[in-house]
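Have a look at the model first, then try each task before reading its solution.

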Amino acid sequence: MGLSVQFLWLIPALPLLAAGIGSIAPSRDRTLASGTAIAALALSFLLSCGALLTALANPADHATHNFAWFELGHGAVRLGWLLDPLTALMCIMVTFVGLLIFIFSTGYLRADARFKQFFCFLSLFAAAMLGLLIANSLLLLFICWELVGLASYLLIGFWFHKPAAAAAAKKAFITTRIGDLGLLLGMVWLYDSTGSLLFYDGGNGVLEPSVLAALGGSTAIGLLIFCGAVGKSGQFPLHVWLPDAMEGPTPVSALIHAATMVAAGVFLMARVFPLLTPDALTVIALTGAITALMGALIAVAQNDIKRILAFSTVSQLGYMMLAIGVGSWTTAIFHLLTHACFKALLFLGAGSVIHAAHHEQDIRQLGGLRGPMKTTFATFAIGMMALSGVPFIFSGFWSKEAILHAAHAWDVSQLPLYLGLAAVVLTAFYMTRLMAEVFFGAARSDAAGHAQENPPTMTVPLGLLAVCAVGLGFLGTPYWPWLQHTLDPLAHVEAGGYGLMMVSIVLVALGLGSGWAIYGRKSRVKSSAADPLAVRAPSVFAFLAARMKFDELYAATFGRLNHGLAVFADALDRHLWDGAVRFFSRLGEFAGVVNRETDEGALNGGFDATSEGLRKRAHSYSRAQTGDAHGYLLMVAFGFVVLVFAVLLGGAR
Amino acid sequence: MNLAPLQLCLLFSSALFCIGLIGALSRSNTILVLLGIELMLNAANLNFIAFWRYGANSEPATGVMFVIFAIAVAAAEAAVGLALVITIYRHQKNIRLQDATRLKG
Amino acid sequence: MSAAWTNIATSAHSLLERLPLLARDFTTDWLPESARWLANSLITIATVVVAFASLFALLTIVERKVLARVQNRPGPNRVGIPFTKIKLFGLGQPLADGIKMLTKEDIVPRAADQVLHFLAPVALLAFSILTFAVIPFGRQLVPLELDAGVLYFFAAGAATELAVFMAGWASHNKYSLLAAMRALAQLISYELPLLLSIVPVVMLAGSLSTVGIVEKQAGWTWGFVPHWHVFTPWGAAGFAIFFVAALAESNRSPFDRPEAESELIAGHLTEYSGFKYALFFMAEYFGMCALCGMGVTLFLGGWQAPLPFLEIIPSYFWFAAKLLTLLFVFMWIRATLPRLRIDQLTRLAWKFLVPLALINLGVAVFWALTADWTGAIRAIRWIVAGALIVGPFVLIGRKLSSGIAPRTYRYAT
Amino acid sequence: MTAVLILIAVATLCTAAVAMALRNLIHSALLLIASWTGIAAFYLWAGAEFVAFAQVLIYVGAISMVVLFAVLLTRQSRADVAIAPGSLGRVVLALIAGGAVLGVLVGAVLSTKFANSSATTPTVTVKQIGQSLGGAHAAALLVIGVLLTVALLGAVVLATTDRAEKEDA
């Protein structure tokens, strides 16, 4: 039951249809809105499975279906669908995780007045994301990319009555826009160089060897496209929007800012991987490594449960970029898939906690939730261990190992490897801190004390995601690298390397142990008590808690520069241009006065006299119109007779 | 006097036309004037048929088509004309045509 | 059935079928060739007039009987054969009525317009009889086969309005004039749906000739569903509109507004008595018969037999049967429905029948365009055409009747 | 055949002339309708069957009704239909003008030598008329349709009484 490439468009079209239906459905009909959205996505999921079956039949093949969109100049602008294992796997991931998050949302937003709009936006997002995945054209991908950004903006600002949410939405939109500008430039440059934006086009696509050879490797194009990925995937230095985006509802955070949208950047880089030159790859690897470490560091000092997870996402995305940078995009996708599952799991678990604790997100106010929320605790623990990379049974271990091995095998530099290893320790540490603060000890507020387990619509998705978070890792172990070989049959997978594996196991144990030693053994008793780390190294902790002051830095540099420019432009407008305009208006006024004098005095007299003469003449003519219809008819009759005689006498006959 | 049928027809239509003309000129009642004009129109139609019947035919049904369209136009003319008559009546309480000179120059 | 029997049946059938023509030819056989045409025409005219005059006589008594039966009373049952005791259910009543009418004094009001007063019933009857000329009464029985027969029928029918006006105006009676004006308004209003309802028939039959239209309706689907126009969606709707408009055109209840005896003291007939009144009465019945005959011709297959094996019965019999059925429905409706108010009446014409007739025209166009649809897809054709008619019918009907509650009777039960 | 034509012509002209001379407006209108019927008879005589029926349907069925309504709507009392005769001067002037036009027309007709027309009578079937209406004259047909619609609307607008206007009066 495969799905051939011609019908691939059905996958994004169904959620789009659901969004359309949702937009015109009556607001109070909640079942209709959520039902259509969930049904559409479920159907898309089934179709994606079909697409995967088709793709697996011939993994090395890039099946395409291209068509002309509109004529432009000499040629047509062409768009198309692309079906290969990468697309199919990503589609399955997006639809599966999305479906679970949709179901979770029906519980999470049960009491929200704008329930219908939420599902409409979610469907729109899913449609755009799936469109991005199936695109066989950088242009189509870019269109969907921007649609994804729009949906993200709408969803982050879903609670727009909160000023923080509105500001975060704007920030996310504008920050990613900076990266998108780079992507657009890269796209235009690529089109200029190759005359095509199709990825695969029977030998003429930009990713195919002949065109790549003709292009001869352009670092600039690769880096410009990478700019887009930096913005979307929250890489250093454009990562600042991602933590703020946590102002949106938690399912949104799970769907967009953990599992799918932020992965779009990684997906893009994996898609255009053949375009990237070694120089570009080096930049990507270093950026990724820095992001990974920085995200982990900041996460250590955060107190908001969702922000910790957000910075953890930044860090993990850094890992993925690192993998791409070191040339192993298959492992990046492997980590992307596993990460999508366990991060969605973690976010939904956090959502479950937040929902149960009456929207209390501060980990210092929580605590002791292990007892009342058993399912949430168990699944959250699985997610946490997957993220930390607890060996052998959790998926995160295998995908992270794969990345570290790839970094080890990189012949340019070992720096990314070391940065990555440092981040491993920190990851295990901050996740342990999170677990200990939230689930262990005693409840430190009324909200946490009254927390109850959530209904099945919220816990069942957690369970399903937990299963995936465990099981997905076995698709890409060094001993059976099915996933890597499916994605790229030529991929070389480091087997062996037990030494490195041992090192990373030790590092994980170190992180877990130190975290438990500091936070778990002697749990916090009062919510106002200072953090143990803050006591030991106050200045460092404060610096990290302030997110390494990136926002302040940007405000002080770019913000101020912008402000100065604006002031200058204002002054220019106010004094220089305005003065000139005022001068000319005065001139015009003067001319008008002169004109009027001439007109009234000299010209009017002449015209008046002429008009009077005309009127008198006309009056004498108008007497001829007597209003006597008989008279007119009589005239016509006599006129006819006279005309006949005139013709006769004129000798016409 | 030996007249061709066509000439008879044309004489018939000429006479009808003149009766309409005299009626339209001599009567002061607007409705009758309109009816006189209708008669003149009918006389013209008569000519079309006469020439279609006896003239050199280039196309089989041209004269007939003309008359059909003329009848349709006459229907429209009658409807609008009589509506105007009613409006005139409403304004001047009679329908004497020679009194309807309010718009003269 | 053996072949011989079939032959005999066929020849007997064709003999029966041609019997009226044979009789006519037999009568005029001795005349010279040039005079035969005239004689044949005169015989045809005389036959039609006599047949319908006797039908009129029959109808008066039948109508009174039917009305009486509906109202649960016996109706006229006294008059039989004179000077005997034989009563024949009162079938002698028309004769008695006729004698009464002829012997009554013919009163002409002094202030009346004498000439017009006399001309009105004559003109009405003349135009009514003229309309019979193009109705095909049987397979070869059409008095005048015209290329534009349908147009002729309605042209002649239009002239009856004039006679009504003449009667109303000539009587010099304000009720008569009022009634005449109302009659004109009603007749003009209903002329429109009447004509619009037959346009689809003309369009799909591709002919203005009555004979051609009847011949287009020959044949059966599956051997038992006749190809009559009434058995198509547009035909059914067209027939319904035609029927309602025909009721109004012939001043029949519930549209007998012009002669409403209770408020207009019989309208334009007030100042007529005796034989002139009888003429009016006759002309109205003639008009009704002619309209029913046209309805039969256009929608009910004319003289076609309803089932193949019934073709053995001559065609004029079928025409008569259908005509009488329609006339009976007219009487039935008269006995059943109350009279409409004048505003309701014109509203029904302009806001309901005319739009529906126009929509029906569109349906007919759809039907013509989809004529080549075969097989199962024909069901879709039926469904679409049916929905196109029923939908507007329901919508316009609901719109028009909104805000009108059923009348409540406070003191009656 | 010619005798029939002369008969029709005399009947038509007489009714028309009497209609134009009568003082009773209703009688005038009815006589004119008779005259229009005469013209229809001429069409029938000429073989234009369709036009004849159209003439009857439209002139006798429709225009006559409009005329009669107009007559009845524009009189204040019953006596009003008997209209005062036009002034003598106007009648004389009208007769002079009509006579002059008639003279010119008759002169023109009599002095023209028409080519002896072909003996074959042209026939036109309803189908031919329909085909040329839908084919060569389709544009004209559309224009006529628009014209009739506009005329209908215009007549309704002209003839309806404005509420505000009524209050003024």
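**Exercise 1.** Work out how the axes of helices α12 and α17 of chain A cross, and which residues make the contact.

*Solution.* Keep in mind that this is a predicted model. Start with the axes: α12(A), residues 278-300, and α17(A), residues 415-439, come within 9 Å and cross at roughly 20°. Angles under 35 degrees count as roughly parallel, so α12(A) and α17(A) are roughly parallel to each other. Next, the handedness: α12(A) passes α17(A) in a left-handed crossing. Now for the residues: α12(A) contributes, among them, Ala285(A), Leu286(A) and Ala289(A), while α17(A) brings in residues including Leu415(A), Gly420(A) and Thr427(A). Sorted by class, the contact has 18 nonpolar, two polar and no charged residues.

**Exercise 2.** Decide whether Phe118(A) is buried or exposed, and find its contacts beyond its sequence neighbours.

*Solution.* First place the residue: Phe118(A) sits in helix α4 of chain A, residues 115-134. Then count: it has 25 C-beta neighbours inside 10 Å. The cut-off for buried is 20 or more, so Phe118(A) counts as buried. Setting aside neighbours within four places in sequence, Phe118(A) touches Ser105(A), Leu109(A), Asp112(A) and Phe158(A).

**Exercise 3.** Describe the side of chain D that touches chain B.

*Solution.* Begin with the counts: 64 residues of chain D are in contact with 58 residues of chain B. On the chain D side, α1, α2, α3, α4, α5 and α6 each supply at least two residues. Finally, the classes: this side of chain D has 50 nonpolar, 13 polar and one charged residues.

How values were computed: Residues numbered from 1 in each chain as written. Chains lettered and ligands numbered in written order. Predicted model: local features only at pLDDT ≥ 70, side-chain atom pairs only at ≥ 80, totals over all residues. Helix = DSSP H or I, 4+ residues; strand = E, 2+ residues; numbered from the N terminus. Buried ≥ 20, exposed ≤ 12 C-beta atoms within 10 Å, placed from the backbone. Contact = placed C-beta atoms within 7 Å. Nonpolar A, V, L, I, M, F, W, Y, C, P; charged D, E, K, R; others polar. Axes fitted to C-alpha atoms, helices over the stretch in contact; angles between N-to-C directions. Parallel < 35°, antiparallel > 145°, perpendicular 65-115°, else oblique. Left-handed = near helix turned anticlockwise from the far one by under 90°.
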